[in-house]
Amino acid sequence: MRTVGRVLAVWVVASATLAVLAAVLPDFRLESPGGDSPTQIAVTAGLGAGAFGVLSALVWPLLVRALLLVPALVLGALVFFLNGSLLLVALSLTPHGRGEVTPATAVVIAAVMSAASSTTSTALAVRDDAAYGRRLARLAGRGRRHAGDPPLPTTPGTVFLQLDGVGHDVLRDALTSTPPAMPTVASWLGGTHRLAPWRTDWSSQTGASQLAILHGSNHDVPAFRWYEKETGQVMVCNRPSSAAELERRAVRRTGCGGLLADDGASRGNLFTGGAEQSALVMSVAAQRAKFTRSRSGYFAYFSDPANAVRTAWSFAAEVGREIGESTAARLRRDRPRIKRGGLYPLLRAFATVVERDVAVAAVIGDMLAGRTAVYADLVAYDEVAHHSGPRSRDARKVLARLDRSVRLIADSSRYAPRPYRIVLLSDHGQSAGETFEGAYGTGLRALVRTGCGLVDSAAAGGRRGARRGGGAEARTAARTALRRPERGRRAEEAECDGPPSEPVVLASGNLGLVAFPDIAGRATLEELERRCPDLLPTLTGHPGIGFVLVRSAARGPVVLGRDGSHELATGRVTGTDPLAPFGPGAAAAVLRADAFPHTADLMVNSACDQRKGTVHAFEEQAGSHGGLGGPQTHPFLLHPVELPLPAGPLVGAEALHHLFHDWLAAAPDAPGLPAQAAQAAPPARSPGTGGAPPVPAPVPGQAAACRPADPVGGRMIEANGGNG
């Protein structure tokens, strides 16, 4: 029925095009010399368009076959004349000779009608994944094997799909609700796949998690953005220059290339993972090499006109969807209310449509090429949840569209030259809550300046502060795709352009960082008490602040709260433990971050409502992540049943790197395809029956997992470690 409807729609558009051209072109008419009614003209246009379409479908393939020996340049010119000839024949079939046109005009009309019909057909197929899958099958057919080609791999490849920002509980509810928001993934749960939670580090954000997953270490990544005193620069994880430096540091620390170094591909990520094939990757965005630059994925995707139309149509629909949803949220008086005007609808569409489509197409291409490991990041949910909330109806709709992308990738695996295992995971969750400024009427920067006795009109007016507008991550990705220069590479270009004696205040979700540029190294508790005696009481006494980490010259790292303190080196708690609301693993996570060379002088975590799981973002976000508190530290791992998990909880993103490396190093007998893809796969590659097979010995020659050179941050599994 869908195909019939598409044919009818194309016919209607072609008929309308023919009628419009008859009205505007002097040498073309669709009526008798005495004139006809509009109805009769419409009927004639319909008959002419229908005859032209039938003739094109029946005669055109025969003409092309007969003209195969004609030189390409000559054939290109003949196409227009042949199309015009078919239109002349079609118009001659209209009743009573109503269709009259000169041969030259017929050529123009045929070209316009062909373009209109092609555009309409492609636009209607935008959401037809079956049609898109058939097209991919044709592309796969072009790569048929030839004599002398190396043998096909017999071990399964692995595709890691990161659903950015989707928390464990959010995914579980999306899969178990009636009806499920993600029906494809729901059909895997309990059958071919198992769902498990894992816990992030204190810095619960993509930069820290993905660097550890792909390169084995996120040492010295205290937040999404932080100030480095020795260079005077602000490091931002999704900034190309910062991402490149972080990847370089991780490789130097671990001494290995990364998770994807062995025939892998990195798509839409912040880091390469050591993959030779990378597209839309921030850490290589500044490189100009033809096959490694970040924008190469866009060029490869949009070089196909059908892809361009498919994505452009979805892009326009997403812009309209965002305008409608933001308007509805204002009418409902939703809280927290985040600004969603200006360029944000375009930025959201870029993140949820363009980046998604390009990454999905790249993953499918990698599977058709038979690559061993592919890691891709789909950022759509994270972007929408930041502005609408992680449990909002807007975010739930995005999950449904992500499910379609997962299904498309799974279905496409049947055309791959090797079986594939599909692993879904997230890098962090998101915690809802009113923003810090929205709840208390002041921002973190203004609060810090108050504690330092630096209150002035600029601070009160919010001229510079930790508060950031929405769409920052999507904005950076869009600027990179457009090859625009970076912003704020140095601290004075960002939000820390005051005198050296004034504090630099930065925000990463509900985690705030305070640094004093004129104090060499890490400022101590005692030094800050002498310099700004009111600062720590101002911060710890605020109801929106959960705790503050500071280094004491006498007691080591100390966590200060409103009614107590926690000495991390000894575990001594005075009064009420400020880390208690954040779970049993909070102390270990904070202690680990305290050892980082670039941990800020003060690390400020917002308060958390234990019952609701809400926090207060220091940025303008309805859903946030980056610190401790609520679901943001509880992402998920959905893995094939034949890929085992270690005993005990998974704590820290580095644990996932070691786990994934073990999976890639093994050579299981079963390919671990999702049910529907496995059933459609060729019999020679269909999975076996029965339970999960044992994991065999690693493949000889497989690179070792990336492990830090020293034990700091190198934990794998801890019974009570990590962050809660």
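Student: Why is R348 called buried?

Tutor: R348 has a relative accessible area of 0%. Buried means under 20%, so R348 is buried. Keep in mind that this is a predicted model.

Student: What makes R348 and E322 a salt bridge?

Tutor: The closest N and O atoms of E322 and R348 are 2.6 Å apart. The cut-off is within 4 Å, between a side-chain nitrogen of Lys or Arg and a carboxyl oxygen of Asp or Glu, so the pair counts as a salt bridge. E322 sits in helix α11 and R348 in helix α12, 26 residues apart, and the pair links distant parts of the chain. E322 is buried too, because its relative accessible area is 0%.

Student: Which residues are joined into one network with E322 and R348?

Tutor: Salt bridges with shared partners bring together E318, R321, E322, E325, R340, R348, D394, K397 and R401.

Student: How many salt bridges does the rule give?

Tutor: The count is 27 salt bridges. One of them joins R592 to D201, with the closest N and O atoms 3.2 Å apart. R592 belongs to helix α21 (residues 586-594) and D201 to the loop between β4 (193-197) and α8 (206-215), so this pair ties together parts 391 residues apart in sequence. R592 and D201 are both buried.

Student: How do you know that D594 and R522 form a salt bridge?

Tutor: Their closest N and O atoms are 2.9 Å apart, and the limit is within 4 Å. D594 is in helix α21 and R522 in the loop between β13 (511-515) and α19 (525-531), so the parts tied together are 72 residues apart in sequence. With a relative accessible area of 5%, D594 falls under the 20% limit and is therefore buried.

Student: Why is D334 called partly exposed?

Tutor: The relative accessible area of D334 is 29%. Buried needs under 20% and exposed needs over 50%, so D334 falls in between and is partly exposed. D334 is in the loop between α11 (305-332) and α12 (344-368). From D334 to S392 the C-alpha to C-alpha distance is 10.0 Å, while the two are 58 residues apart in sequence.

Student: On to aromatics. What makes the pair of F660 and W663 tilted?

Tutor: A pair of aromatic rings is described by the distance of the centres and the angle of the planes. For F660 and W663 these are 5.4 Å centre to centre and 35° between the planes. Centres within 6.5 Å make a pair, planes under 30 degrees apart count as stacked and over 60 as edge-to-face, so 35° leaves this pair tilted. F660 and W663 are three residues apart in helix α22 (residues 653-665), which means that about one helical turn separates them. Both F660 and W663 are buried, and together with F160 and Y375 they form one aromatic cluster. The rule gives a count of seven aromatic pairs.

Student: What makes strand β10 (residues 420-425) mostly covered?

Tutor: Six of the six residues of β10 are buried. Y420, I422 and L424 point one way and R421, V423 and L425 the other, and all are buried.

Student: How do you know that β10 pairs with β3 and with β22?

Tutor: Pairing takes at least two bridges. Strand β3 (residues 157-163) runs parallel to β10, with six bridges joining them, and I422 in β10 is the bridge partner of V159. Strand β22 (residues 636-640) runs antiparallel to β10, with two bridges, and L638 in β22 stands opposite L424.

Student: What makes helix α16 (residues 444-451) mostly covered?

Tutor: Seven of its eight residues are buried, among them L444, R445 and G451. G453, which follows α16, has a positive phi near 70°.

Methods. Residues numbered from 1 in each chain as written. Predicted model: local features only at pLDDT ≥ 70, side-chain atom pairs only at ≥ 80, totals over all residues. Heavy atoms only, no water. Phe/Tyr/Trp six-rings, centres within 6.5 Å; stacked < 30°, edge-to-face > 60°. Helix = DSSP H or I, 4+ residues; strand = E, 2+ residues; numbered from the N terminus. Buried < 20%, exposed > 50% of the residue type's maximum accessible area, 1.4 Å probe, protein only.
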